[in-house]
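Hello,

Here is the structure we talked about handing over. Please open it first, then read my notes below.

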Amino acid sequence: MRSAATGTSAWSAAEREAYANDLGNDRVLIAVSAASNRSKGDQVPATWLPPASG
């Protein structure tokens, strides 16, 4: 999703950096190995996402 669609286009560089480095936030993407990323292939997210907690 483009940042304009999510509202992040108005964020300062510091806000973007803080968000990107907030590993406690479940919405942040986490870097993974190339092999792990390739293993997902072109599957839909429901086939590789972990089960929802709670």
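Of the 54 residues in the chain, 6% are buried. Buried means under 20% relative accessible area, exposed means over 50%, and partly exposed lies in between (1.4 Å probe, protein chains only). The accessible surface of the chain is about 4,900 Å². Carbon and sulfur atoms hold 56% of that surface. These areas come from the Shrake-Rupley method with a 1.4 Å probe.

A note on reading this: the model is predicted, local features need pLDDT of at least 70, side-chain atom pairs count only at pLDDT 80 or more, and totals for chains, interfaces and linings use all residues. Residues are numbered from 1 along each chain as its sequence is written, and side-chain values use heavy atoms, leaving out hydrogens and water.

Now the fold. The chain has three helices and zero strands. The order from the N terminus is α-α-α. Both kinds of element are DSSP runs, numbered from the N terminus: helices are H or I with at least four residues, strands are E with at least two.

How confident is the predictor? pLDDT gives its confidence in each residue, from 0 to 100. The chain averages 78, and 85% of the residues score at least 70. Helix H1 (residues 3-6) is lowest, at a mean of 59. Helix H2 (residues 13-20) is highest, at 89.

Best wishes

Technical notes: pLDDT = per-residue confidence, 0-100.
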